[in-house]
Amino acid sequence: MDGGRGPSYLSVVEAGARRYSAHLQERSRHASRSPQDLAFREVARAVSQALERVFRTGHLSAQDLQIPQAPFARGGGHLELLNPWSVGLGNPRAPVVVLTTGPHYGLDSPEFLLEALLLQALWLVEAPVQLAAEALGIPAWSEVPFQRYPNDYYRAPSGSSWGRIAGLLALAWGEGTAREWLQPKHVMGNTAPHLFDEVYLLDQATVPEHASALVDGPPVAQREAFLGDLLAAMPEARVLLIEERPEDTLWWDTRLRLASRFLGLPVQTVKDCLQTERPTRTWAELRWCIQGARGVLFTGPFWHNAEAGDWEREAELLRMLLPERPTPV
């Protein structure tokens, strides 16, 4: 097992994976015989069998990743594949946990296969790295696990959400640039920190952002409960960085409750603690609460086309909590 994954974290991941497998099996039993539901049943059976193999043997094979890629449709049975217990990418023992608004991959993409359907399995086994590479259709030249260093498998430009987060941390700690933080882990001679050593990246919603206007995802309360369990399994985290958009009204109270869970404070105490500021840019409102050695920072969308200097206030607040970059564990 990877030393960066504590048993508490893994137990939460496994509990979620077992619930997801049971969810797929239950939905399959009640699926109709329409072509759409038959396609759903085929995918659900393959994913559930892969997870059950992990529970039973602790291993995952290339055959387990040969899962049909079925398109999603509004109101269709394929929506049942969305995983309320999906987990994150990066270092579960990182000092910074980032809650993004939602995934950016397509529902028919290889990324959806790995991140939404099988990421739990990859965390729970010592999966040979070539399995992730084969699923993504790329050469298996990386030697690091996909779930820990996903940008070794597919690149994120400095203007992406990953790039914005890397730029913010680089600015806060005065080390390197976003481009350097996003270099693949295996690159020799790169002395800059690595983004996925410093953060654990987790999606709030399970519906990809480009499809969120077309479909409704799993119940928010179900997702919230699991996110809270994951946060509770990360005692070494110092900062919870929460991305929000003004139009996401469904998630406002949820985010406050997750902040409460992270800080170990009642929701009303967190509300009273929050300080609000509107930076010179007009596209985001900045809110934060610092309690002892931990803090929560609500910020605007990471995908916004902002210059690095526009994140100076967020960087300043991060420096208040973490004056120096902690040694990765």
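This report walks through a few local features of a predicted model: one disulfide, two pairs of packed helices and one buried aspartate.

## The disulfide

Let's start with the cysteines. A disulfide is a covalent bond between the sulfur atoms of two cysteines.

Are the two cysteines buried or exposed? Both Cys 273 and Cys 289 are buried.

## Helices α8 and α9

Next come the helix pairs. Two packed helices are described by the angle between their axes and the distance between the axes. For helix α8 (residues 220-232) and helix α9 (residues 252-263), the angle is about 20 degrees and the axes lie 9 Å apart. Angles under 35 degrees count as roughly parallel, and α8 and α9 are therefore roughly parallel to each other. The crossing of α8 past α9 is right-handed.

On the α8 side they are Val 220, Glu 224, Ala 225, Leu 227, Gly 228, Asp 229, Leu 231 and Ala 232. Helix α9 contributes Thr 254, Arg 257, Leu 258, Arg 261 and Phe 262.

## Helices α5 and α11

How do helix α5 and helix α11 pack, and at what angle? Helix α5 (residues 161-173) meets helix α11 (residues 312-321) at an angle of about 60 degrees, and their axes are 8 Å apart. The two helices, α5 and α11, are therefore oblique to each other. Their crossing is right-handed.

From α5, the contact involves Leu 168, Leu 169, Leu 171 and Ala 172. The residues of α11 that take part are Glu 312, Glu 314, Ala 315, Leu 318 and Arg 319.

## A buried aspartate

Why does Asp 197 count as buried? Its relative accessible area is 8%, and buried means under 20%. The side chain of Asp 197 has a partner too: a polar contact of 2.6 Å links it with the side chain of Tyr 149.

Terms used
Residues are numbered from 1 along each chain as its sequence is written. This is a predicted model: local features need pLDDT of at least 70, side-chain atom pairs count only at pLDDT 80 or more; totals for chains, interfaces and linings use all residues. Side-chain values use heavy atoms; hydrogens and water are left out. Buried means under 20% relative accessible area, exposed over 50%, partly exposed in between (1.4 Å probe, protein chains only). A polar contact is a pair of N or O atoms within 3.5 Å; within protein, one must be able to donate a hydrogen and the other to accept it, and residues adjacent in sequence count only if both atoms are side-chain atoms. A disulfide is a pair of cysteine sulfur atoms within 2.5 Å. Axes are lines fitted to C-alpha atoms, for helices over the stretch in contact, and angles run from 0 to 180 degrees between N-to-C directions. Helices (H or I, at least four residues) and strands (E, at least two) are DSSP runs, numbered from the N terminus. Angles under 35 degrees count as roughly parallel, over 145 as roughly antiparallel, 65 to 115 as roughly perpendicular and the rest as oblique. A crossing is left-handed if the near helix is turned anticlockwise from the far one by less than a right angle, and right-handed if clockwise. Contact means heavy atoms within 4.5 Å.
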